[in-house]
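Here are my notes on the model you sent. They are in numbered points, to be read beside the structure.

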Amino acid sequence: MNLPITLTINGVRREIVLDDPRVTLLDLLRERLDLTGTKKGCDRGQCGACTILVDGRRINSCLALAVSHDGAEITTIEGVTQGDELHPVQAAFIAHDGFQCGFCTPGQIMSAIGLIEEGQAGDDPERVRECMSGNLCRCGAYQGITEAVLEAQINMNAANMTAANRRRSA
Amino acid sequence: MMNFDYVRPASVADAIAAASEKGAAYLASGTNLLDLMKGGVSRPSRLVDVTRLPGLDRIERLADGSLRIGALVRNADLAHDAEFVRNYPAVAEALLSGASAQLRNAATVGGNLLQRTRCAYFYDIGSACNKRWPGAGCDALDGENRLHAVLGWSEGCIATHPSDFCVPLVALDAVVEIEGKDGRRELPLEALHRLPGDAPAHETELERGELIVALRLPAAAQNFAAHARYIKVRERTSYAFAVVSAAAALRIEDGAIREARLALGGVAAKPWRSREAEQLLAGAAPDAARYREAARAALAGAKPSGDNAFKIELAQRIVVRALSLAAQGTPARVAALPASPFSSLPGA
């Protein structure tokens, strides 16, 4: 059974023909589109390593059938930089040692970007930890991850305000 | 994963027709179903994708004051809807205490109601399970069963229903709207899930092809907004299923409880409402002695199904805690650690 779908991945529109309805977004990205930044940890929705943004919302790509997401806009870790410049969340993870082995890091970063967009945690570290609980880190870098999310959020809000001020004064 | 046919119908009627065939299953976000399919626990021969069906993703206030929530509303969208949180705070707290942010962004209201048990023997296809294979027996009976049911179980099945969301919903008299080939019908949520008896594989009252299209909370459910909590004990503070949980909702006037609602999670194959406890609380002063009496009444019929006698005591303590916290008043904002008995939030 051939199933044609269209996805916009990191801003690029792609026409894809699936030869099997069982393909998850995770396997499509990694095995067929060579976007291996998104990691397969448990493949059962328990670890968060496969977190991506679908239409702006963070989800587990291992529990999402590609065919069911026909038309979706997808952002993966490969699509978050602005040219050569790191995304503020990436920069904050480096500044705060928010990783050790790095395997969970793409999922952590995509989850943090989703969380900051959701705006639910504010500057409360307890809420940040709770809202990031879907991303496991077996190296135990949680302290650095929490600090990175809090700092990235401050930097992103400041950048948004600067941009807004610039627009107002222009 | 076994292969399947994939269909994406354009209307509810087409969906029902496509799902009425033997072996067909509905697919919403798939956060539970795909997991079960990967493990070989569920083996549908056809998936009927309902995610594009029109009109099922709305939250609307009806003329009679009830709230209608479309079956495709995502858990996160409902839990963060400001009006919903204000009017049904225990339901929002229950939603936010379940799964992870990623799963809540995907999971739908209808799917949550129909999620399957997390019994490890149901998940392990090498184990005997009467749900997966009627007549096979139940390996949980002599297995690791400290998290299994203490109410309403049978020798055929001791699994629990895992939903947090359903617990305050049954307390608040939620109604399920169902479409089938013979038209629309309604069922109290409390009547949707079945106790195992001698047919544990028959989990809900839905007939083949029937589709949950909406959930409705009656107007009276808002009367408890000032005193409503969901409290859940789990083996870690976030992203874990309930060991036991309780939803408590009180209508307090002139220093007395006028009306009480109480339901438990993690104790039975369905969200467990206790009208006995509610009756003991109605008209009483909000005090700990009465809460303990209500908790005893709620668990009066409980018996261990294995290594889980502790749950009977724990459930009573959680009932007392949920009632005490509800009486103190609903916090202005859902606690940082939703439903946690260990939350550091003042008043929580």
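What percentage of the 348 residues in chain B is buried?

1. Burial in chain B. The model is predicted, and every remark below should be read that way. Buried residues account for 53% of the 348 residues in chain B.

2. Overall size of chain B. The radius of gyration is 20 Å. A compact globule of 348 residues would come out near 20 Å, so chain B agrees with that expectation. Along the principal axes, the C-alpha atoms fill a box of roughly 60 × 50 × 35 Å.

3. Make-up of chain B. Its secondary structure consists of 12 helices and 12 strands. Take the contacts in chain B with a separation of 6 or more: 65% of them join residues 24 or more positions apart.

4. Domains of chain A. The assignment gives two entries: domain 1 covers 3-79 and domain 2 covers 88-169. Their C-alpha centres lie 22 Å apart.

5. Where the domains of chain A meet. On one side, 14 residues of domain 1 take part; they are in contact with 13 residues of domain 2. Which strands each supply at least two residues of the domain 1 side? They are strand 3 (51-54) and strand 4 (57-60) of chain A. Strand 3 of chain A gives the largest share, three residues.

6. Where domain 1 of chain A touches domain 2 of chain A, the domain 1 residues divide into six nonpolar, five polar and three charged.

Note on methods. Residues are numbered from 1 along each chain as its sequence is written. Chains are lettered from A and ligands numbered from 1 in the order in which they are written. This is a predicted model: local features need pLDDT of at least 70, side-chain atom pairs count only at pLDDT 80 or more; totals for chains, interfaces and linings use all residues. Helices (H or I, at least four residues) and strands (E, at least two) are DSSP runs, numbered from the N terminus. The radius of gyration is taken over C-alpha atoms; the globule rule is 2.2 Å times the number of residues to the power 0.38. A residue is buried if 20 or more other C-beta atoms lie within 10 Å of its own, exposed if 12 or fewer, and partly exposed in between; C-beta atoms are placed from the backbone. Two residues are in contact if their C-beta atoms, placed from the backbone, lie within 7 Å. Domain bounds come from an automatic or database domain assignment. Ala, Val, Leu, Ile, Met, Phe, Trp, Tyr, Cys and Pro count as nonpolar, Asp, Glu, Lys and Arg as charged, and the others, Gly among them, as polar.
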